[in-house]
Amino acid sequence: MTRDELDQLMLLYAAGAADEAEAGEAEARLASGDPQAQAAYAEALAVVSALPKALPQQRPPVRSRDQLMLRVLASTSSEASSTPKSSSAAASRWIWPTWVAAGIAAVLAIALTLTLADNWRMKSDLITKSEIVDETYSVAGSPYVQMTKLRVGDAPDAPGKPAGRLVYCPVSDKYLLHVFRLDPPPPGKVYELWLISPNGKPIPAGTFTVDSRGAATHFFQAPKGADYSLAAITVEPEGGSLTPTGEIRLSGSLAAAIQ
Amino acid sequence: MSAEAIPQSRAEDVQLMRRIAERDPKALRAMYDKHSALVYTIALRMLKRPEDAEELVTDVFWELWEKSSRYDQTRASPTTYLVTLARSRCIDRTRRKAYRQQLTLESIEDAAGISDGSPADDAAAVEQGEIVRSALAGLEPNQRQAIEAAYFDGLSHTEIAEKLEKPLGTVKTYIRQGLIRLRDAMRKSQLKD
């Protein structure tokens, strides 16, 4: 096989356009460690990988990055705190509510750290495993952050009942919602968050569903300077609604937000 | 934008990949900010549904984080690696769900209306896009369609022949000649990243 034929073979292989025999040939040459084949393949891969650059580039929604970084920091945080503890199963059950509260606070705070990161210069050592938890708690206690409890009707929070926390950062106009113990929405339905302006107009703030524990985390970037007085969660058809149509599952007054 | 911008961009990417391997989340975030539009565009082109594309972007960058040691800078640039990873994961999903629909390069523009993202503004990406578009524009329509069908839709030669209503041998020639012309155009512009 000449060098030109090898280049062509690797181009076809890299583009996913080689037939079975050609793919087998390319793979055999690469597996043999043939440097010419590897160089040809590297060039071919670079050529075909440039194809998507011809497409008009579209950015993914902002929430994708939030979700990714939340996952990353949660993983690094759990690695840092994975030291085995000697407490018994009974003791673990006893401290469960505290652990849940601390966990939720940590998750909320980590997410807030990320959402505010564009505006706040994070100290270079913030990301180190040992300091993540301290930093996230400090963000949660920051005067910039306002938290609203979402409840079922006027009932106070109670064990086993659905509840939610809506955290708002006035610096970035970003909302972070965390809900717990919500029933899975009926088939074909989703939960939708509403932010209601002082004149009573509900603004759709995104849809979400819940995991097997009834929990979900949801972000919403509000327009700059928007003012809301209430938040509510309703059940809506998949894809969401422009105005609420379903029953209110959770709600809370933003005027009563904890700072 | 200077002619050195693309190599400089690649050097920055290599540095980011090194920091990702050292478990630096800020490097991952920088990599995401720089290249998520490219990954999302590939995913949107191949998976069609914005929600699937969004999920794939998160998965690809998560894999970049979790399996950062797999990257070997002597074998491919970070962008090539990322594009290959994204395409590979799209094909995995497409095969799993077995949905394949035709979408042309032009029709992806229509999808802009259903995305809440904004056009990428990275200068290097814009310049690279121009070079590749120019190279693709030099191909015959059949060559371009055949390459797109193979690369983005993962179709076999037989499937492409059916789709284009051309003999199998003709399709193979389209693809081979089209790729060679594309490679030559890119060699000329020295764009291989």
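Which side chain does D33(B) meet in a salt bridge? Select D33(B) and R65(A): their side chains pair up at 2.9 Å, N to O. (A salt bridge here is a side-chain nitrogen of Lys or Arg within 4 Å of a carboxyl oxygen of Asp or Glu.) This pair crosses between chains, going from helix α2 (residues 25-47) of chain B to helix α4 (residues 62-80) of chain A. Helices are DSSP runs of H or I, at least four residues, numbered from the N terminus. D33(B) is partly exposed at 35% relative accessible area, while R65(A) is buried at 10%. Buried means under 20%, exposed over 50% and partly exposed in between, using a 1.4 Å probe and protein chains only.

Before moving on, note that this is a predicted model, where local features need pLDDT of at least 70, side-chain atom pairs need 80 or more, and totals for chains, interfaces and linings use all residues. Residues are numbered from 1 along each chain as its sequence is written, chains are lettered from A in the order written, and side-chain values use heavy atoms, without hydrogens or water.

Next, select R45(B) and E148(B), a salt bridge at 3.5 Å, N to O. R45(B) sits in helix α2 and E148(B) in helix α7 (residues 141-151), both of chain B, so the pair ties together parts 103 residues apart in sequence. R45(B) is buried at 0%, and E148(B) is buried at 10%.

Last stop: show R3(A), D7(A), E43(A), R183(B), D184(B) and R187(B), which are linked in a network of salt bridges.

How values were computed:
Helix = DSSP H or I, 4+ residues; strand = E, 2+ residues; numbered from the N terminus.
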